[in-house]
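Student: I have a chain to look at and would like to go through it step by step. Can we begin with the whole and then move to the parts?

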Amino acid sequence: ADRVVPLKQLKTISDLYAVNIIDNANKVAAGLLDPKSAQANVTQSLAAIAPDDIWAGDATRGQLYHWNGVQWSIVPSPAPPADAFHSLRALAAVGTCDVWAVGDSGATLHWDGKSWSSIANGTTNTFYGVGGSGASDVWTVGWSGTILHWNGSAWKGGSSGTTNRLS
């Protein structure tokens, strides 16, 4: 069945998406980002579990949005450290109660089905990608070849063999 999205909510999400696109286009134009990375940034900040369970991350304000099949809502997330810029770069859902968001300053946020929490990982490097196959198998990659694995209870570092940005 088709669903009607209230105009106000549609505008919030379309504005979020437009700002993300414009931000990445400007970074490409300024030589701060290559076109392939910019395209990945636009598509990585969305995680869909089901048609009525979709998460979106705001690449500029660090906010998290949830679609419940009827409407979008802003879901409170942990505040970043006072000295950190909090931009979310990628989201991944490995289950309804197991969603990850990663980004600047080593941000790793986890949704447990009730709330978002910040999970310490021992790095302040920016993450550009996250994915996994289950609650005890989540990977995140980022700046300077940073690669971490979540084993269900803690993040463990690994060697990527490169100092290049990974996404």
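**The chain and its strands**

Tutor: Among the contacts in the chain with a separation of 6 or more, residues 24 or more positions apart account for 36%; contact means heavy atoms within 4.5 Å. This is a predicted model, in which local features need pLDDT of at least 70, side-chain atom pairs count only at pLDDT 80 or more, and totals for chains, interfaces and linings use all residues. Residues are numbered from 1 along each chain as its sequence is written, and side-chain values use heavy atoms, with hydrogens and water left out.

Student: How many helices and strands are there in the chain?

Tutor: Helices (H or I, at least four residues) and strands (E, at least two) are DSSP runs, numbered from the N terminus. Read along the sequence, the pattern is α-α-β-β-β-β-β-β-β-β-β-β-β-β. The chain therefore has, by these DSSP runs, 2 helices and 12 strands.

Student: What percentage of the 167 residues in the chain is buried?

Tutor: Buried means under 20% relative accessible area, exposed over 50%, and partly exposed in between, with a 1.4 Å probe and protein chains only. Of the 167 residues, the buried ones make up 41%.

Student: Which residue in β3 is the bridge partner of Ile-54?

Tutor: Two strands pair if DSSP finds at least two bridges between them. Strand β1 (residues 46–50) runs antiparallel to β2 and is joined to it by 4 bridges, with Leu-46 opposite Ala-56. β2 also pairs with strand β3 (residues 64–67) in the antiparallel sense, over 4 bridges. In β3, the partner of Ile-54 is Trp-67.

Student: Which backbone oxygen does the side chain of Thr-140 reach?

Tutor: Thr-140 lies in strand β10 (residues 137–142) and is buried, with a relative accessible area of 0%. Not counting residues up to four places away in sequence, Thr-140 touches Val-102, Phe-127, Gly-129, Val-130, Thr-146, Ile-147, Leu-148 and Trp-155. At 2.9 Å, its side chain reaches the backbone oxygen of Gly-129.

Note on methods. Polar contact = N/O pair within 3.5 Å; in protein donor to acceptor, adjacent residues only side chain to side chain.
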